[in-house]
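Dear colleague,

Please find below the structure that I am handing over to you. My notes on what was found in it follow.

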Amino acid sequence: MTFQNEKELKTIYNFKAKSLDGIDFDFNSLKGKKVLIVNTASKCGYTSQYSELEALFQKYGKSGGLVILGFPCNQFGGQEPGNASEIQTFCTKNYGVTFQMMEKIDVKGNQQHPIYKWLTTKEENNKENSNVTWNFNKYLIDEKGQYISHLGSNDSPNCEKIINWLEGK
């Protein structure tokens, strides 16, 4: 699909998903906010990034400027085997997570959630193709709901690229 003008550009506001507690979440509610989307897992070498994500949310999200959406995924090494209740308990008990956790989804393959199709496909996001290669890949979305960038698992939530983006540098 080729976009002729900005009005035809698909944004994050075109999507809906369920939160971890089963409530419908309309991405339209994110207008005017920067959004960081991350696929998460409880039994991964990168799981400690939950702490960094929560610290980022505490610093930049409390003012309403940043929303973090965590999407649990069990597609990489079976590292998120839990159900919604187990995931919620794990995140809260071990990392004090208060940012928005979403339902467990597929981030690639035949059952890929539509939000991840948009995030990973240039024809959808009008920016770039990307591959979710492991847990804790990060996607940055601007205040207009447009795709900005993809960062891999090795990139800390506190890396210079994310902090500069949040601080408008």
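**Findings from the predicted model**

His113 counts as buried, at 11% relative accessibility. Please bear in mind that this is a predicted model. His113 is found in the loop between β5 and α3 (114–120). Apart from neighbours within four places in sequence, the residues in contact with His113 are Lys16, Ala17, Glu103, Ile105 and Asp106.

Gln79 has its place in the loop between β4 and α2. When neighbours within four places in sequence are set aside, Gln79 is in contact with Ala41, Ser42, Lys43 and Cys44, and also with Asn74, Trp134 and Asn135.

**Helix α1 and its surroundings**

Helix α1 comprises residues 49–61. Its buried residues are Gln49, Tyr50, Leu53, Glu54, Leu56, Phe57, Tyr60 and Gly61. Viewed down the axis of α1, these buried residues fall within an arc of 160°, so they line one face of the helix.

What do the buried residues of α1 pack against? Among the strands, they pack against β3 (34–40), β4 (66–72), β5 (100–101) and β6 (138–141). Among the helices, their partners are α2 (84–95) and α5 (160–166).

**Salt bridges**

How many salt bridges does a search of the whole structure find? The search finds four, and I describe some of them here.

One of the salt bridges joins the side chains of Glu143 and Lys34, at 3.9 Å from N to O. Glu143 lies in the loop between β6 and β7 (147–151) and Lys34 in strand β3, so this pair ties together parts that are 109 residues apart in sequence. Glu143 is partly exposed, with a relative accessible area of 37%, whereas Lys34 is buried, at 10% relative accessibility.

Another salt bridge is formed by the side chains of Asp24 and Lys18, with an N to O distance of 2.5 Å. Asp24 is exposed, its relative accessible area being 59%. Lys18 counts as partly exposed, at 33% relative accessibility.

The side chains of Glu167 and Lys169 also meet in a salt bridge, at 3.1 Å from N to O. Here Glu167 counts as partly exposed, with 36% relative accessibility, and Lys169 counts as exposed, with 70%.

With kind regards

How values were computed: Residues numbered from 1 in each chain as written. Predicted model: local features only at pLDDT ≥ 70, side-chain atom pairs only at ≥ 80, totals over all residues. Heavy atoms only, no water. Buried < 20%, exposed > 50% of the residue type's maximum accessible area, 1.4 Å probe, protein only. Helix = DSSP H or I, 4+ residues; strand = E, 2+ residues; numbered from the N terminus. Arc of directions from axis to C-beta. Contact = heavy atoms within 4.5 Å.
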